[in-house]
Amino acid sequence: MSDRSPQAASTDTPAGRQQWLILGVISIAQLMVVLDSTIVNIALPAAQTDLQFDDAQRQWVVTAYSLAFGSLLLIGGRLNDMFGSKLGFLVGLVGFAAASALGGWAPSYEVLIVARAAQGAFGALLAPAALAMLTVTFAASPDRGKAFGIFGAVAGSGAAVGLLLGGTLTEYLSWRWCLYVNVFFAVLAVIGGLRLLPANERESGKLSFDWPGSVLAVAGIFFVVFGFARSETEGWSDPVTLVSLIAGIVLVIGFVVAERLVRHPLLPMNILLDRVRGTSYLVMLIAAIGMFAVFLFVTFYVQQVLGYTPIKSGFAFLPMVVAIGVSAQFNGTPAFQNNLGSKIQVGVGALLAAAGMLLFTGFGADSSYLTALLPGLVLSGLGLGCIFAVAMGSSTMGVEAHQAGVASATVNTAQQVGGSIGVALLSSVSASAATDYVTSHATTADVMVQAQLAAYDAVFIWSAVFFAAAALVAFTLYPSRRVTAQMAAENEHVAVHM
């Protein structure tokens, strides 16, 4: 281990300035992956009219992406560790751009589904590569916390940016540009990656791949995500839904058992069993369930009840984007990390997000944006900024460089699976609440609107419960401020080599 690595350079040196340029390149790639979860949602009605597919088929435009992305993330992380994160980053970018171009051109529903699945597959290679490159680039830098704060802000606000960008492109150009736009992002990131990223370094020694673990992981996560996605349209009592969920849980348990037995596991248990990292993965899983209520159901409310256009809906989320960015920056600074610690930062952040959800239960049929929407958006944005900045930074803290890819993939998997669970579970809560309201009231136009509002109230209450659970996990499982401050200090001063 050298006394001073390139990562330890001061920010006022050429090497130090290059760190921030690398962060910019990595952030572009992360934004591509994150905003794609919502940018296409805005475009779906227009795509449905153009390609003439029905409502049952519509959900698979979203699900094809999440299935491929979620189930292949761990393999993508392992491939990055084996062959080098720079190579994985560049291949992921080019593949994601090509799949996006195919989807934008798609002359039929079937081609669009293939393109979305390909986007998810290359995204599963790109996302862990981006976080791994960030981990290594700022491994010994005093600006590590600040860098992860920026990265966390991108990860947390990307979905909201997707709503804004998707609404703008759909309204003024075409739904197809919601996919084509990724090509421009990818070109910028590829050029920057080729010029700025350090030389690719692959795993030394004889390469090994955990085939049993890979099959169990892919199949297990696939069936879990598929089961939750199917429950949205077929219900929880549907035999295929139940069998998928049970099979997925059994396969995931089998994966954990297998990883303890194989010599070179896909996901070494020391990644999960570390107290700080393990807590961060769990927090991301739970918070992602609640987070999707903001982007999905607030969008439904402003469009279906208040009558906002797609572009106006996107602009409505701008205060939340700003709040996430400001909060993530403050929580990424050494002062906050040392004086508060992960326990307080994430715990308080989750409580702020829960409070924001409860403010949304005041929605009415003719509510004002300033009084009904803005306070909840700002409060939940401040909370999400805390969660993402700290949990993302802690998720790779203390790992060896050759395990950075799989550690990065694990936190992305937690977020993706949590999001899939959240969409399905909260959609079910919404439908049940609306049905219960209608059956207990005479059917009129006003009752139907009130049923929608009752459905949103139920969703936001449940989301607040999930954020409260994330706060409980953070307060209970994260170690003391002294321990996390010491770990952060070690990450600043100990060089980690790729």
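# Following the helices

Helix 10 and helix 14 are roughly parallel to each other. Here, roughly parallel means an angle under 35 degrees, roughly antiparallel over 145, roughly perpendicular 65 to 115, and oblique the rest. This is a predicted model, in which local features need pLDDT of at least 70 and side-chain atom pairs count only at pLDDT 80 or more, while totals for chains, interfaces and linings use all residues. Residues are numbered from 1 along each chain as its sequence is written, and side-chain values use heavy atoms, with hydrogens and water left out.

Helix 14 covers residues 341-360, and its axis comes within 11 Å of the axis of helix 10. The two cross at roughly 25 degrees. Helices are DSSP runs (H or I, at least four residues; strands are E, at least two), numbered from the N terminus. Axes are lines fitted to C-alpha atoms, for helices over the stretch in contact, and angles run from 0 to 180 degrees between N-to-C directions. Helix 10 passes helix 14 in a left-handed crossing. That term means that the near helix is turned anticlockwise from the far one by less than a right angle; clockwise would be right-handed.

Now look along helix 14 itself. How far apart are the end C-alpha atoms of helix 14? They are 29 Å apart, which agrees with the 28 Å that 20 residues should span at 1.5 Å a residue. The expected span is 1.5 Å times one less than the number of residues. Buried means under 20% relative accessible area, exposed over 50%, and partly exposed in between (1.4 Å probe, protein chains only).

Helix 15 is another partner of helix 14. Their axes are 7 Å apart, and the packing angle is about 155 degrees. Helix 14 and helix 15 are therefore roughly antiparallel. This crossing is left-handed too: helix 14 passes helix 15 that way. Helix 15 spans residues 369-394 and holds Gly376. Gly376 has a relative accessible area of 0%, so it is buried. In sequence, Gly376 and Met320 are 56 residues apart; in space, their C-alpha atoms are 8.8 Å apart.

Next come the rings. Rings of Phe, Tyr and Trp (its six-membered ring) pair if their centres lie within 6.5 Å; planes under 30 degrees apart are stacked, over 60 edge-to-face, and the rest tilted. By this rule there are eleven aromatic pairs. One of them joins Tyr301 and Tyr456 edge-to-face, at 6.1 Å centre to centre and 85 degrees between the planes. Tyr301 lies in helix 10 (residues 275-305) and Tyr456 in helix 17 (residues 445-477), so the pair ties together parts that are 155 residues apart in sequence. Tyr301 counts as buried at 0% relative accessibility. Tyr456 counts as buried at 4%. Phe360 and Phe363 form a tilted pair, 5.3 Å centre to centre, with 40 degrees between the planes. Both Phe360 and Phe363 are buried. Which residues make up one aromatic cluster? They are Tyr301, Phe360, Phe363, Tyr456 and Phe460.

A ring can also face a charge. The charged end of Lys312 sits over the ring of Tyr308, 4.3 Å from its centre. For this, NZ of Lys or CZ of Arg must be within 6 Å of the ring centre and within 35 degrees of the ring normal.

Move to helix 7, residues 211-234. Its 24 residues should span 34 Å at 1.5 Å a residue, and its end C-alpha atoms are 33 Å apart, which agrees. Among its buried residues are Gly213, Ala217, Gly220, Val224 and Phe228. Gly235 follows helix 7, and its phi is positive, near 90 degrees.

Helix 3 (residues 85-105) and helix 6 (residues 177-196) pack with axes 8 Å apart, at an angle of about 160 degrees. That makes helix 3 roughly antiparallel to helix 6. Helix 3 passes helix 6 in a left-handed crossing.

Leu267 sits in the loop between helix 8 (239-259) and helix 9 (269-273). Is Leu267 buried or exposed? Its relative accessible area is 4%, so Leu267 is buried. Leu267 and Leu74 are 193 residues apart along the chain, yet 7.5 Å separates their C-alpha atoms. Ala43 belongs to helix 1 (residues 14-51). With a relative accessible area of 2%, Ala43 is buried.
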